Amino acid sequence: MNFPPLAGWRARQSIAAARDVAKPSIPKEKARAFLAAAALLIAPLAGQAGQLHWQHLSSATGDLPVPGTSTQQTGAVVGDFAHDGTNGFVLSFRQKAPALVWYRPAAHGWDRFVIESNFLSIEAGGVVFDVDGDGHPDIIFGGDWQSDEVWWWENPYPNFDPNVSWKRHLIKKGGATQHHDQVIGDFLGTGKPQLAFWNQGAKAIFLAEIPADPRPAESWPLTKIFSGGAGEAHSGEFHYAEGMAACDIDGDGKVDLLAGNLWFKHRGGKKFDPIQIGPIGGRIAAGKFKPGKYPQVVIAPGDGDGPLRFYECTGNPENSRDWVGRNLLERDMIHGHSLQVADIDGDGHLDIFAAEMAKWSEGRPDDDNPKATAWILFGDGNGNFRETVFATGVGFHEARVADLNGDGLPDILDKPYNWKVPRVDVWLQIPATQNAR
Ligand SMILES: [Ca+2]
Ligand SMILES: [Ca+2]
Ligand SMILES: [Ca+2]
Ligand SMILES: [Ca+2]
């Protein structure tokens with residue numbers, strides 16, 4: 001195996017080169033076996049200098065099954081649905097059936113299973129959670145502007161059939177349409193997590209409590225906990241608030257809801273106070289990027305243009321003025337619809353993956369943003385970042401950072417929205433060698 005030597009490579013070059021060099025050197029059918037063997041034989045370099053190497057796999061080159069026939073790929077979520085210790089992933093669609101497909105890990109790569117064979121207009125977002133408490137993760141997604149429904153799909157473990165849909169259950173039906181983003185957390189502090197979801201048609205956030213027996217339930221009890229603006233873009237064709245995350249923002253030991261440009265302080269009962277973190281909302285994530293009592297918050301512009309912002313609390317997290325932000329990139333992101341926080345290089349410090357869409361318009365044949373860029377910002381554990389370019393000219397939408405081949409190293413999943421669709425891409429992180437040859 002001829003991996004590029006580590007020494008002397010700048011991250012920017014090594015990532016680009018790894019995409020070109022590593023791929024032809026590893027036949028795809030041997031890639032997984034090789035990577036598993038490499039993980040055993042070669043001690044990882046523990047992310048030294050963050051110079052990572054990637055093996056790029058794509059349905060465009062036959063490495064993965066083609067997702068389907070829909071040319072509007074909306075969501076991507078990751079989970080160990082088969083309970084075998086290796087994550088698979090589920091992609092959602094609108095415009096054409098099937099509405100959900102599952103990429104199940106297999107010896108040769110992935111097998112494609114249909115989870116929802118029907119047509120549904122599924123919106124971006126989605127969350128993986130064991131709704132019925134049987135030990136196997138289930139899937140939640142909401143409908144887009146054409147739908148007033150939110151659903152969950154029951155994991156049929158161990159009875160998987162590539163052509164048999166999972167049982168679909170209703171969480172919400174009626175009211176306003178569009179449900180772009182959900183998150184699970186025990187925001188009420190009851191000991192049993194709830195589902196929070198945006199309902200853009202109502203300009204509102206709802207909290208849905210999971211019924212004691214969710215399988216026969218035909219809806220979940222809903223409480224509107226917020227309505228109003230949340231830093232949505234005021235120009236362009238997208239005018240809705242979006243983005244959700246869960247993190248204990250004020251360090252009181254209770255998980256808090258984040259959405260748009262806000263975090264929500266639980267005041268007891270079902271009452272929450274929104275607290276503004278910054279002016280612009282979008283994709284939102286939080287984590288401990290530096291020592292201290294409070295986590296920091298990262299916001300990308302989502303379905304709009306704007307800066308990638310890093311916010312830290314300089315005083316009281318319930319005081320908007322105490323949240324101080326700075327731009328992480330030298331330019332605005334253009335439809336920065338992918339934002340992930342994870343320790344990508346394994347050095348113990350959180351990193352940021354942020355990426356742009358290359359295309360979103362349906363009415364033009366060429367790309368809206370042909371120089372779409374994906375970045376990895378490597379954190380140093382003190383709130384500073386080293387910026388690297390992961391890819392350019394690739395359309396990212398709802399990308400996820402997760403270990404997708406079971407070797408413990410985070411990988412990257414991308415399902416473009418309508419760029420070169422139908423298509424799905426995976427970048428597997430190649431273990432670094434201490435003795436680069
Ligand atoms: Ca389950
Ligand atoms: Ca809290
Ligand atoms: Ca790191
Ligand atoms: Ca991996």
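How many bridges join strand β26 (residues 373-379) to β27? Seven bridges join these two strands, which run antiparallel.

## Basis of the model

This is a predicted model, in which local features need pLDDT of at least 70, side-chain atom pairs count only at pLDDT 80 or more, and totals for chains, interfaces and linings use all residues. Residues are numbered from 1 along each chain as its sequence is written, while chains are lettered from A and ligands numbered from 1 in the order in which they are written.

## Sheet β24 to β27

β26 and β27 belong to an open sheet of four strands with the order β24-β25-β26-β27 and antiparallel pairing. Strands are DSSP runs of E with at least two residues, numbered from the N terminus, and two of them pair if DSSP finds at least two bridges between them. β24 (338-342) and β27 (385-392) are at the edges; each has a single partner strand, so one side of each lacks a neighbour in the sheet. From one strand to the next the twist averages 15°, where axes are lines fitted to C-alpha atoms and angles run from 0 to 180 degrees between N-to-C directions.

## Sheet β14 to β17

Another open sheet has four strands in the order β14-β15-β16-β17, again with antiparallel pairing. Its edge strands are β14 (244-247) and β17 (272-276), and each pairs on one side only. Here the twist averages 30° from one strand to the next.

Strands β15 (residues 256-259) and β16 (residues 262-266) run antiparallel and are joined by three bridges. L257 has F264 as its bridge partner in β16.

Leaving aside neighbours within four places in sequence, L258 is in contact (C-beta atoms, placed from the backbone, within 7 Å) with M244, A245, C247, I249, W263, I284, A286 and V297.

## Loop residue V421

V421 lies in the loop between β29 (411-414) and β30 (425-430). This residue counts as buried because it has 23 C-beta neighbours inside 10 Å; the cut-off is 20 or more other C-beta atoms within 10 Å, with 12 or fewer for exposed and partly exposed in between.

V421 and S70 are 351 residues apart in sequence, with 7.7 Å between their C-alpha atoms. Apart from neighbours within four places in sequence, V421 is in contact with T71, Q73 and P416.

Notes. Two residues are in contact if their C-beta atoms, placed from the backbone, lie within 7 Å.
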